[in-house]
Amino acid sequence: MNFEIIGTGRAVPPRKVTNDALARELDTSDEWIRSHTGIGSRYIAGEEIANSDLSAAAAKQALSMAEPALTPEDAAMTIDLVIVATVTGDHLGCPSAACIVQDKLGAKKAAAMDLAAGCTGFIYALETAAGLLMMNNQRKRALVIGCEVLSKFIDWKDRATCVLFGDGAGAVILEKTEDSTVGNGTNDTGNTGDISGSGVKNGLLQSVLYADGSGGDHLIIRKGGSRNPFKAGETLEKGIHIEMNGQAVYNFAVKAVTETIAGLIAAEGISVNDIKKIIPHQANARIIQAAAKRLKIPEDKFYMNIEEYANTSAASIPIALDELNRKGELQYGDLIMTVGFGAGLTYGGNIIRWSIKK
Ligand code: UT7
């Protein structure tokens, strides 16, 4: 049994905000932000845009790639499960963003739920979707989305956090297939890589998922949950916002990326040379440079797009996947790796054999 990605999509809000634009409102500079993070701009949602708007837009692109001959409504009816990986749903979990997306798409057959694993959410969601498809013969296809609208949960006066984040969504369609071989053992580029012929699985091959809840305080939205709810008559000096211990998260992140890549390679029994591209969570280019150095992996093996989007949390990996796919940089049969880390604290990664034919 395989779990193959058969369509990808992405969406960002129309408003692009450059570092220079932020520097006009805040004691910061393009030079500081670029040199400390690699970020050059980010997309920020207007008041009228919520999570399900971006999620549904990314999902429609993924659906039309998977089912180009069907109407959007008919394509949506092929979906059995919708998962939105997010910590910034339209509401405080009630209803979930996934249920709103299910309704917007008309995916009437689909079960729907959100998954909260911070910036590692999409990695967790792929493995969760594969597990749920495997458990039931009636389920064949999942729509897996990573979406975040963190700009609405930012203290825009805190320069240490507000310059880091952006809004966006990425989506994939994951399909359960019975065929367990990849072509004739070579991919379209003639590269045999690790493909040894019959019996080689396609799609999602391996996931490692980790959590260290003891570090939860380092990246936290304190207000609004059951620990610290709003009370009648209460006023807020600031909107609900994310707080981050940047140094602690940085140190955790370098370790998390290093441990995840080593863990995935050992679990799959391959070498890093077999991997065409590593798609890391885009939080800070320096984190990836430090991990690459520790692991002695060339930096250009990592796909980076943080310069344009900043940190879109659970959306960063599926946005990058869609970009690579649409740019034609992934060939049928290529092995790719995702690696992420974030609130929870959570971390983990996937190995995927790419299965979209051009
Ligand atoms: O997606 C989930 C996870 N999030 C992350 O992975 C983030 C991990 N952490 C980081 O990426 C880095 O720690 C940051 C980018 C957040 C901060 O970079 P840093 O090199 O660790 O800077 P710092 O916090 O040590 O601050 C250095 C200086 C401070 O000034 P002083 O005390 O040295 O005078 C800060 O006040 O930089 C100052 N600073 C800024 N200056 C200009 C902090 N933010 C800014 C800013 N513009 N935006």
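**Helix packing and ligand surroundings**

In the predicted model, helix H8 passes helix H9 in a right-handed crossing. H8 spans residues 246-268 and H9 spans residues 285-295; their axes lie 9 Å apart and form an angle of about 45°. This angle makes H8 oblique to H9. On the H8 side, the contact is made by Tyr250, Ala253, Val254, Lys255, Val257, Thr258 and Ile261, while H9 contributes Arg286, Ile287, Ile288, Ala290, Ala291, Arg294 and Leu295. By class, the residues of this contact of H8 with H9 comprise 10 nonpolar, 1 polar and 3 charged.

From H3, the residues Asn51, Ser52, Asp53, Ser55, Ala56, Ala59, Lys60 and Leu63 meet Ala97, Ile100, Val101, Lys104 and Leu105 of H5. The contact of H3 with H5 has 7 nonpolar, 3 polar and 3 charged residues.

The ligand is surrounded by 23 residues, of which Thr28, Gln247, His281, Asn284 and Asn311 are the closest. An N or O atom in the side chain of Thr28 lies 2.6 Å from a nitrogen atom of the ligand. The side chain of Asn284 places an N or O atom 2.7 Å from an oxygen atom of the ligand. For Trp32, a polar side-chain atom is 3.2 Å from an oxygen atom of the ligand.

Key: Residues numbered from 1 in each chain as written. Predicted model: local features only at pLDDT ≥ 70, side-chain atom pairs only at ≥ 80, totals over all residues. Heavy atoms only, no water. Axes fitted to C-alpha atoms, helices over the stretch in contact; angles between N-to-C directions. Helix = DSSP H or I, 4+ residues; strand = E, 2+ residues; numbered from the N terminus. Parallel < 35°, antiparallel > 145°, perpendicular 65-115°, else oblique. Left-handed = near helix turned anticlockwise from the far one by under 90°. Contact = heavy atoms within 4.5 Å. Nonpolar A, V, L, I, M, F, W, Y, C, P; charged D, E, K, R; others polar. Near = heavy atom within 4 Å. Polar contact = N/O pair within 3.5 Å; in protein donor to acceptor, adjacent residues only side chain to side chain.
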